Amino acid sequence: MLNTKVIMALSAVGMTAIALPLIFIPDEILAFCGIENARFHSLFLQITGALYFAFAMLNWMAKGNPIGGIYSRPLVMSNLVHFLVGGLALLKASMSGNYPARIWILTAFYTVFAILFALISFTHPKQVSKKV
């Protein structure tokens, strides 16, 4: 059985690691990518970082809930869609050869979590026996 508590925590930590630089140093990220004097791009990166951070907080706070099968289905499906679509986009970009090789790290992160959330969506959570 999958340990959803660990998966949710790891996805939250990973998304937070993406979110914080986007929120706090968007101009430096743009400069690193070779984009300068782009005020709109900076704002867009900060808003994207806020989305990542909100998703990370949602996963972190839901990690103790039963997840899988019919339980927490909206949470599982939103994670699945995010990681699947993001993973496919990153895979396409990685295979084009137009991006640095380190993009494969992000591609692997997305692919692993897409697979994990696909598995979670079709399995029932572990039964936890309650002692009376």
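## Overall layout

Going along the sequence, the protein chain reads α-α-α-α-α. That makes five helices and zero strands, where helices (H or I, at least four residues) and strands (E, at least two) are DSSP runs numbered from the N terminus. Along the principal axes, the C-alpha atoms fill a box of roughly 65 × 30 × 20 Å.

This is a predicted model, in which local features need pLDDT of at least 70 and side-chain atom pairs count only at pLDDT 80 or more, while totals for chains, interfaces and linings use all residues. Residues are numbered from 1 along each chain, and side-chain values use heavy atoms, with hydrogens and water left out.

## What's inside

Of the 132 residues in the protein chain, 35% are buried, meaning under 20% relative accessible area with a 1.4 Å probe, protein chains only. The largest nonpolar core has 26 residues, and Phe83 and Phe117 have the most contacts inside it. Such a core is a set of buried Ala, Val, Leu, Ile, Met, Phe, Trp, Tyr and Cys residues joined through side-chain atoms within 4.5 Å. Two or more residues each come from α1 (4–24), α3, α4 and α5 (103–121), and α5 gives the largest share, seven residues.

Beyond its neighbours within four places in sequence, Phe117 is in contact (heavy atoms within 4.5 Å) with Ile7, Met8, Ser11, Val76, Asn79, Leu80 and Phe83.

## A loop residue to look at

Ser72 sits in the loop between α3 (39–62) and α4 (73–96). Its phi is near 55 degrees, a positive value in a residue other than glycine. Most residues other than glycine have a negative phi. At 24% relative accessibility, Ser72 counts as partly exposed, a class running between the 20% limit for buried and the 50% limit for exposed.
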